[in-house]
Amino acid sequence: MKTVDIIERIEGEAHLKLDWRNGVVKDSRIEFLNFRGFEYILEGKAPLDALVYTPRICGICGQAHLLATVNALENLYKNANIDLEVTKKAKLLRELGLAIEILDSHIKWFYMFIMPDVASLSQGKYKDYQAMNGSKWLDAIKVASDTMKGLAIIGGQWPHTSYMIPGGVMCDPTLLELATIENYIDQAIMFFEKNLSGVSISDYMSFNSVSNLDDLRADLKDFKDLSFEHGLTNIGKSYDKFFVISDMLGFKSGRIKLINAGKINLDKIKESDEFSFDAKDKKQNKKKYSWAKTVKYDENFFETGPLARAMVGGRKFIKSIHKEYDDSVFTRVMARMDEMAYLLQKCKRIIKAVDISEPSFIKPKIKLKDIYYAKAVGSIEAARGSLMHEVEIEKGKIKSYNVITPTVWNLGPGSKSEPGVAQKAIIGSKSLKEATITLRSFDVCSVCTTH
Amino acid sequence: MYNYFSSKEELAKYAIKYSTNIVASQLREINNMDISSKEKVYLFTRQYFQSIKDSPEVVEYFLRVYLSNREVFSNGCEGFLCVGDFVTEVMILLEEGASKKEFREQDFFTAFSMFMGALGGFAFLSGENVLEKDVLEYSDGIAENIYRALKYED
Amino acid sequence: MRIKPKVLWFQGITCNGNTHSLLCANPNRLELFLNSFDLIYHPSLTTHSNLLDIINSNEGIDFLLIEGAISNNTDFFSISNSSTKDLLNKLVQKSTYVVAVGSCASYGGIHAKFELNEDITGVQNSLDKRAATRLKHKVINLTGCPVHPEWILQTLFIVKSHGKIQLDDENRPVEMYSTLAHHGCTRNEYFEWKVESDHYGTKEGCLFYDQGCRGPMTKSSCNKILWNDVNSKTRVGMPCIGCTELDFPRENMLETKKHIGIPFETPLGISKRAYLSLTGVAKTFKINRLQDKLIKYDD
């Protein structure tokens with residue numbers, strides 16, 4: 001039996017095609033049918049205009065794209081052998097903006113995109129998690145809105161600012177402003193403590209074993225209880241291979257194929273459109289069924305995102321949970337929420353490290369327009385995982401621009417014999433609900449996937 | 001006239017504003033015409049040379065008095081303040097010419113000096129009475145020089 | 001009008017930025033909105049309703065909010081197996097007021113730059129004859145990339161109370177789009193005295209002359225109704241990119257277009273002659289307070 005369902009609340013929509021046999025999913029396809037063509041749009045544009053265009057790839061993770069663009073553009077100078085100086089202050093203010101955006105994304109994802117589904121597994125109880133009417137749903141949106149004010153203080157607004165630019169940042173915050181940003185972070189910490197972990201953040205950060213799951217209170221305890229009750233600890237397992245592209249925000253770049261983390265080589269990242277629609281070809285080969293491309297590292301599928309970052313970075317609490325429950329839905333979700341605590345503390349450290357007497361911006365020696373030819377890559381860690389931008393400029397214009405988003409890593413199409421990461425995770429699901437919760441555990445950003 | 005001004009300095013300032021105004025309004029009229037920027041350069045050069053011919057003392061005043069005695073004008077004629085109208089018109093001429101791709105992009109002051117250098121220099125020569133022909137006969141030659149210096153090149 | 005008017009949010013070709021902007025509304029204002037209106041469907045928020053079910057039902061919609069550009073092409077883009085244009089018109093048939101949320105819905109915006117699909121445009125241009133003639137109120141365009149959440153909320157509350165809202169030539173509410181982004185910028189004094197920013201990253205200086213700020217030419221309320229309750233781009237040091245105007249996105253947005261050092265465009269309604277005269281006068285004077293750093297720190 002085959003079913004097709006339209007999945008929403010994934011920053012856009014996707015079609016989930018499932019092949020059932022004896023009540024179990026034996027094959028799955030995730031079809032992304034919407035394409036906006038940013039890579040085509042960017043061709044022929046002035047290099048700095050990319051700073052305005054790429055945040056608009058996505059409304060929830062626009063700053064991640066901005067940072068990837070800035071890194072790529074700065075690497076153009078490097079690859080053209082032109083020295084470019086960026087102060088520590090500018091780098092910190094960029095990371096701060098990125099971190100706040102990730103926090104905002106994780107809060108919204110948990111309460112808007114996955115908890116309503118998980119909570120509904122237990123009919124009747126957990127009504128506070130309901131979308132629209134639930135008090136927890138509304139509280140989460142409020143806290144996300146307030147936390148975002150921190151980014152608006154250095155970026156001017158959110159969504160869609162381009163406050164990062166080759167050479168530094170456009171803002172020059174005062175101590176007052178930095179203190180205010182810290183106030184918003186502290187408020188978010190209070191939310192984490194009161195609503196998520198139920199314990200102080202320092203106690204939470206001392207968790208290092210799966211047995212600490214018993215110490216959780218509040219909403220993470222609810223999630224844990226629901227997971228155990230409905231077997232979320234057993235479903236959603238995939239290749240158990242992890243990939244992290246960048247060292248920023250204190251994450252460690254690397255990949256885990258078997259047990260230990262190893263270094264990565266960007267040249268081993270290969271994108272394929274074997275199963276992806278061709279924008280210029282009217283007649284589509286039958287094999288192609290999605291606008292999402294496929295990406296592999298060293299010819300293997302790897303998962304990227306908070307779980308990958310916790311594993312490669314060696315965060316003990318999540319590693320211990322993983323040892324017990326593998327790369328299940330439960331582990332994946334716990335890793336994402338765990339990352340919130342990690343980032344909240346990281347934000348405070350970043351703020352304290354900013355030296356306001358440093359310049360925010362040092363003008364590059366020459367304009368990008370004046371470089372005859374150069375090619376470069378910018379790679380960062382976004383909310384959903386590793387993000388890569390590849391840019392090529394010639395005679396003052398962008399010649400080509402390629403974006404590989406984290407959701408492509410996780411949700412890109414594979415074949416029957418070698419399914420993609422999320423496809424594999426969904427195979428074996430015993431109900432549509434299970435399949436969709438598994439899908440959601442990857443934190444899908446449909447608009448980013450196809451851009 | 002002396003009695004209408006509170007000081008020599010006031011008279012000096014008024015005189016420069018007056019003479020600049022004439023030149024400025026000539027150029028303003030030309031700027032407002034619907035002709036090419038090249039034609040505007042030619043037309044303005046011709047009008048300026050006509051002024052040299054008709055009222056040589058105005059030009060003399062600018063070159064000999066204003067430029068050589070800037071300290072007299074330091075209070076109330078700072079920077080471009082008193083010649084502002086004229087400078088504005090030159091800006092409009094240059095900007096429009098570049099946006100129509102008749103003039104090439106360059107720094108404002110280097111472009112501006114092409115005008116002032118060529119026109120002022122020639123006015124000086126005229127004042128020295130060393131020119132062989134009637135001053136107007138040199139107009140198109142100077143205009144061509146100015147135009148070629150500003151011209152757009154692919 | 002129902003006591004709790006029914007609102008349906010439809011997403012076309014979009015990045016979802018306007019949705020996230022709405023979610024960043026002042027929390028109390030957002031709660032007020034959710035309590036004053038019945039949001040029957042939003043693809044990122046609601047779980048109890050299905051778009052096609054609503055279209056096929058007899059349910060009427062008081063406010064149809066559209067985020068994203070519209071196209072008839074389904075090769076590149078489809079929602080619920082239909083073209084965005086098709087669904088739009090079906091929804092408009094059942095709606096009393098239609099609001100285009102954001103620049104993409106208003107006129108195509110960023111997504112209209114995708115040239116492989118020549119059929120990407122805004123809501124107004126996508127209405128079929130039947131839908132267009134049926135509407136009693138013009139489509140309300142809330143341009144902006146993204147739109148400010150208050151512009152959405154205020155529009156809804158005004159129309160809820162008064163039944164209509166006055167629109168300008170681009171069908172944007174006059175009360176939100178009559179001020180310039182320039183009005184209320186904290187760098188105004190630098191603009192007045194033509195003290196330019198040498199480069200990015202300073203508290204001082206006006207961003208108009210070099211950094212491409214479109215504040216003086218752009219209709220918006222960004223420095224009057226602050227973003228995220230706290231700030232605006234120009235206050236922080238990022239130039240306005242004119243995203244509420246119909247020529248967005250333009251080329252070379254982060255630098256001022258100049259010819260021979262003179263800005264190509266002058267503030268709205270101000271002639272080049274007037275602007276240059278004033279600039280010439282202002283630049284003549286070096287005002288120490290404005291040339292200095294704004295804040296003098298110890299050590």
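**Figure 1. Contact between chain C and chain B in the predicted model.** In this contact, 13 residues come from chain C and 20 residues from chain B. Helix H12 (residues 272-284) of chain C provides the largest share of the side of chain C that touches chain B, namely 7 residues. Sorted by class, that side of chain C holds 6 nonpolar, 5 polar and 2 charged residues. The structure shown here and in the following views is a predicted model.

**Figure 2. Helix H2 of chain B.** Helix H2 (residues 37-54) of chain B is made of 18 residues. From its first C-alpha to its last, H2(B) reaches 25 Å, which is close to the 26 Å expected at 1.5 Å a residue. Which residues of H2(B) are buried? They are Ser37(B), Lys40(B), Val41(B), Tyr42(B), Phe44(B), Thr45(B), Tyr48(B), Phe49(B) and Ile52(B). As a general point, an α-helix has 3.6 residues a turn, so residues three or four places apart point the same way.

**Figure 3. Contact between chain C and chain A.** Here 56 residues of chain C are in contact with 63 residues of chain A. Helix H1 (17-23), helix H2 (27-36) and helix H11 (233-236) of chain C each supply at least two residues of the side of chain C that touches chain A. Of the elements of chain C, H1(C) gives the most to this side, with 5 residues. The classes on this side of chain C are 29 nonpolar, 19 polar and 8 charged residues. Among the 2 pairs of chains that touch, the most contacts are between chains A and C. Chain A and chain B, in turn, are joined by no contact, and their closest C-alpha atoms lie 14 Å apart.

**Figure 4. The hairpin of strands E1 and E2 in chain A.** Strand E1 (residues 2-7) of chain A pairs with strand E2 (residues 14-21) of chain A in the antiparallel sense, over 6 bridges. Within this pairing, Ile6(A) stands opposite His15(A) in E2(A). The hairpin has 6 residues between the strands, and Arg9(A) takes a positive phi near 60° in it. Is E1(A) well covered or hardly covered? E1(A) is hardly covered, for the count of buried residues among its 6 residues is 0.

**Figure 5. The open sheet of chain C.** This open sheet has 5 strands in the order E2-E1-E3-E5-E7 (chain C), with parallel pairing. Strand E2 (38-41) and strand E7 (140-142) of chain C stand at the edges with a single partner strand each, so one side of each is left without a neighbour in the sheet. On average, neighbouring strands of this sheet are turned by 25° against each other, direction ignored. Strand E1 (residues 6-11) of chain C runs parallel to E2(C) and is joined to E2(C) by 3 bridges. In this pair, Leu8(C) stands opposite Tyr41(C) in E2(C). Helix H8 (residues 149-162) of chain C packs on the sheet and touches strand E3 (61-67), strand E5 (95-101) and E7 of chain C. The direction of H8(C) makes about 155° with that of E7(C).

**Figure 6. The surroundings of Phe37 in chain C.** Phe37(C) lies in the loop between H2 and E2 of chain C. Is Phe37(C) buried or partly exposed? Phe37(C) counts as partly exposed because it has 19 C-beta neighbours inside 10 Å, whereas a buried residue has 20 or more. Apart from its neighbours within four places in sequence, Phe37(C) is in contact with Lys4(C), Pro5(C), Val7(C) and Leu156(C). Phe37(C) and Leu156(C) are 119 residues apart in sequence, yet their C-alpha atoms are 9.0 Å apart in space.

Figure 7. Chain C contains 13 helices and 9 strands, and 49% of its 299 residues count as buried. Its C-alpha trace spans about 70 × 40 × 35 Å along its principal axes. The domain assignment gives domain 1 (6-176) and domain 2 (179-299) of chain C. The C-alpha centres of these domains of chain C lie 32 Å apart. Where the domains of chain C meet, 14 residues of domain 1 are in contact with 11 residues of domain 2. The side of domain 1 of chain C that touches domain 2 of chain C divides into 5 nonpolar, 6 polar and 3 charged residues.

Conventions: Residues numbered from 1 in each chain as written. Chains lettered and ligands numbered in written order. Predicted model: local features only at pLDDT ≥ 70, side-chain atom pairs only at ≥ 80, totals over all residues. Pairing = 2+ DSSP bridges. Helix = DSSP H or I, 4+ residues; strand = E, 2+ residues; numbered from the N terminus. Axes fitted to C-alpha atoms, helices over the stretch in contact; angles between N-to-C directions. Contact = placed C-beta atoms within 7 Å. Nonpolar A, V, L, I, M, F, W, Y, C, P; charged D, E, K, R; others polar. Buried ≥ 20, exposed ≤ 12 C-beta atoms within 10 Å, placed from the backbone. Domains from an automatic or database assignment. Expected span 1.5 Å × (residues − 1).
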